[in-house]
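Work through the exercises below with the sequence and the 3D structure beside you, and try each task before you read its solution.

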Amino acid sequence: TTGNTTLDPGYTNTASCVSKITFIDGDKGILRYRGYPIEQLAEHATFGEVAYLLIYGELPTEQEMSTFQDKVLGAAMLDERMRDLFRCFPRKSHPMSVLASGVNALAAFNSGHLSVTDEEQIETATIRLLGQFPTLAAYAYKSSLGEPFLYPKKNMGYVANFLRLSFGSPLEEYELDEAVARAFDTLFVLHADHEQNCSTSTVRLVGSAEANIYASVAAGVNALSGPLHGGANQAVLEMLGQIRDQGLDAKSFVSKVKDKESGVKLMGFGHRVYKNFDPRAVIIKKHADEILTSTGKDNALLEIAKDLEEIALNDEYFKERKLYPNVDFYTGLIYEAMGFPSSYFTALFALGRLPGWIAQWREQMAEPGRKIGRPRQVYIGETERDYPVK
Ligand code: SDX
């Protein structure tokens with residue numbers, strides 16, 4: 001129940017924060033953004049609507065959505081000097097390192113609105129971050145290819161603009177594939193927020209020290225890059241590729257995973273909260289089937305993924321540990337089918353998660369008597385001892 005929850009005064013010792021944004025029931029596989037079930041949002045809402053809902057608390061009217069979209073797309077262009085920032089990175093830099101550096105640099109290029117209390121400055125920073133983040137992500141990709149950057153266009157949708165900046169070239173106009181844009185929109189909706197996961201808690205913890213929104217979100221980007229968190233979508237594709245390239249079959253790979261010594265994990269499986277199924281994985285698997293069939297891409301990896309899932313879901317090792325496919329298990333297959341290299345998948349996760357990070361940072365800033373996050377510890381080190389004075 002929400003709204004009339006009377007919190008035990010000790011809640012600060014158990015929950016990291018109180019929030020009105022996202023609700024998860026890990027046993028029932030329930031995920032809701034501001035009360036709306038993820039299944040309905042994935043089916044009917046655009047990513048722009050969901051971003052507005054997470055940040056402002058209500059779905060936008062048509063007028064509110066049009067004004068919001070205009071403002072965000074009007075803020076999509078980077079300071080021209082930031083384009084030079086990308087030229088400093090080696091081409092083989094991981095996109096997440098470049099993206100985190102770019103987001104952090106936004107604080108330097110947008111120093112006029114770093115306040116954590118002034119509503120107007122917070123709103124300006126929100127719009128600029130939403131607008132410039134996809135541009136940064138696309139430029140991180142382009143600079144890894146050594147290709148020139150395009151400028152964003154106001155008359156294109158948010159996702160279409162991002163795809164054009166990522167795949168377009170001065171040589172020829174980018175032909176938008178509507179089905180691809182729609183699939184991305186749904187994938188971003190599914191990634192938009194997820195309560196207090198590692199990267200979102202990082203954004204809130206850094207923000208709780210009254211660090212500006214760019215510094216806090218840059219910290220979230222870095223947390224998300226870990227292979228146990230957002231980096232898992234890249235790790236899943238590499239795992240499927242290894243199975244195929246080594247001529248392994250799914251059964252022998254699962255045996256390797258169960259053989260604890262190997263330290264091999266079934267990437268894309270397991271979750272700290274979902275212990276029966278990840279509702280997002282159910283939706284994404286459907287899309288993977290549709291997109292891979294429509295793009296006629298190599299289905300070999302999809303078949304390996306399905307075999308792994310089938311074997312694991314019927315294997316005691318996974319069942320007793322409550323390990324099921326999570327949001328990352330199928331997303332990489334879709335991203336690859338749409339033309340992105342696996343090193344870029346986690347940047348796509350970050351793009352989807354951005355509205356959630358912003359909404360959670362704003363909620364942290366608005367928290368009455370906002371206090372710096374200060375987790376305690378259980379000390380298990382040496383007891384007191386004296387320095388051996390000679
Ligand atoms: C995300 O928190 C969020 O909401 C995150 C996220 C979001 O939207 O922000 O949902 C996104 O990060 C999804 C998770 C992506 N990560 C992966 O797919 C990496 C592989 N998964 C694991 O590393 C692991 O499952 C975790 C970290 C995701 C969750 O760990 P758990 O399930 O809480 O359990 P655990 O690490 O305490 O392990 C319990 C047991 C252990 O075996 P035993 O020591 O009991 O014998 O389960 C085993 C683990 O070895 N185990 C796995 C496994 N995950 C856990 N064994 C094989 N393969 C795996 N993937």
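Just after α12, glycine 247 takes a positive phi of about 65°. The model is predicted, so local features need pLDDT of at least 70 and side-chain atom pairs pLDDT 80 or more, while totals for chains, interfaces and linings use all residues. Residues are numbered from 1 along each chain as its sequence is written, and side-chain values use heavy atoms, without hydrogens and water.

**Exercise 1.** Work out why α12 is described as largely enclosed by the rest of the structure.

*Solution.* A residue is buried under 20% relative accessible area, exposed over 50% and partly exposed in between (1.4 Å probe, protein chains only). In α12, 10 of the 14 residues are buried, so the helix is largely enclosed; among them are Ala232, Leu237 and Ile243. The elements that cover these buried residues include α13 (250-258) and α15 (300-313), where contact means heavy atoms within 4.5 Å.

**Exercise 2.** Are glutamate 80 and arginine 83 buried, partly exposed or exposed?

*Solution.* Glutamate 80, with a relative accessible area of 43%, is partly exposed, whereas arginine 83, at 9%, is buried.

Notes. Helices (H or I, at least four residues) and strands (E, at least two) are DSSP runs, numbered from the N terminus.
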